[in-house]
Amino acid sequence: MRKFLLLLVILSGGCCLGQSTDLMRVEWLRIPQVDSDNSLSRFRTFINFPIPLSWEGSYLIPGFEYRHITLDIDDPVPFDANDAKTFQMFRATIAYTFKFKSGWRFGARAGFELASNFESADFLGRDFRFSGSAYMIRDRSSDEVAKPNRWVIGLQYSTNQGRPFPLPIINYYRQFHPRWSYSLGTPKTNIKHMFNAKNSLQAYASLDGFFSNIQNNRVVTNPDGSTAIADNISMTQILAGLGYEYNFAKNFYFYLYAAYTLYNELRLRDENRNNVFNLNENNTGYFRTGVKYKI
């Protein structure tokens, strides 16, 4: 069951892949912007419902995720920022997984999302995005082996990436000491120390970001007087930092992550994904905290 739940997290967790088996999460993120009065906040929650099927080891997994992003834009900008400071994302997914006799497990997920500032009364076609992924996993993390390990190999595709091909996902996990483990690959690399059954600390490098449609396109005026049309907004971050977890009740964990970005770009783009205006590209702090339920 635990191995199945691990794949559930990989299928439903989007850009976050780790050793945890999260079925529910509620979290808050804060990103102040260096040399700027701008900042970004995000509320995120998700839940998944594994449903066992008649074929042993096979499951159907519906899931739902919600994100609310607030941009505090206090710096002067060359466009109308009214109604372009709050963005929401609603995502629904369905996943299926089964186990091979060889010990490997296969999983696939399909989903759609609405991501927009929703300043119009109706949904627009550009608000909709579709995604899909397929993974193979070999999990020996709970087996009686000298050094428990796990391989995850897969492909992930989303229409909001603006690329006509899927992106590879590969991650290797290994516990090399009763209190130490590490993972290497995408989209997360870390080394983790368990102080005891309730407390752990990790150093990690990971990715974060978002993409959203702007329903009423913004006209951006360039310094030379020319103009460009902003169709969407996106953020891409590569970050490294420390994360702490505390198991305060059965299967419930409080967590706190503090990091610094190695790459940080928040920009408006046109319909062809060309940059129109960079709201921020200076590296900055990153703070994320919340509560999760995991097996």
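Biologist: Which residues make the nonpolar surface patch of about 340 Å²?

Modeller: That patch is made by Ile47, Phe49, Phe64 and Phe90. Patches take residues with over 30% relative accessible area and no salt bridge, joining like charges within 9 Å and nonpolar side chains (Val, Leu, Ile, Met, Phe, Trp, Tyr) within 5 Å. A salt bridge is a side-chain nitrogen of Lys or Arg within 4 Å of a carboxyl oxygen of Asp or Glu, and accessible areas come from the Shrake-Rupley method with a 1.4 Å probe, where for residues only the protein chains shown count as cover.

Biologist: Where is Phe90?

Modeller: Phe90 is in strand β5, residues 86-99 (strands are DSSP runs of E, at least two residues, numbered from the N terminus). Its relative accessible area is 30%, so Phe90 is partly exposed (buried is under 20%, exposed over 50%, partly exposed in between, with a 1.4 Å probe and protein chains only).

Biologist: Before I go on, what should I know about the model?

Modeller: It is a predicted model: local features need pLDDT of at least 70, side-chain atom pairs count only at pLDDT 80 or more, and totals for chains, interfaces and linings use all residues. Residues are numbered from 1 along each chain as its sequence is written, and side-chain values use heavy atoms, leaving out hydrogens and water. The average pLDDT (the predictor's confidence in each residue, from 0 to 100) is 89, and 91% of the residues score at least 70. Over residues 1-20, though, the pLDDT is below 50. Where pLDDT is low, the predicted coordinates should not be read in detail.

Biologist: On to Asn199: buried or exposed?

Modeller: Asn199 is buried, because its relative accessible area is 18%. It is found in strand β12, residues 199-221.

Biologist: Which side chain does the Asn199 side chain make a polar contact with?

Modeller: Tyr244, at 2.4 Å. A polar contact is a pair of N or O atoms within 3.5 Å; within protein, one must be able to donate a hydrogen and the other to accept it, and residues adjacent in sequence count only if both atoms are side-chain atoms.

Biologist: Where is Asp35, then?

Modeller: Asp35 is in the loop between β1 (22-32) and β2 (39-48), and it counts as exposed because its relative accessibility is 73%.

Terms used: Contact means heavy atoms within 4.5 Å. Helices (H or I, at least four residues) and strands (E, at least two) are DSSP runs, numbered from the N terminus.
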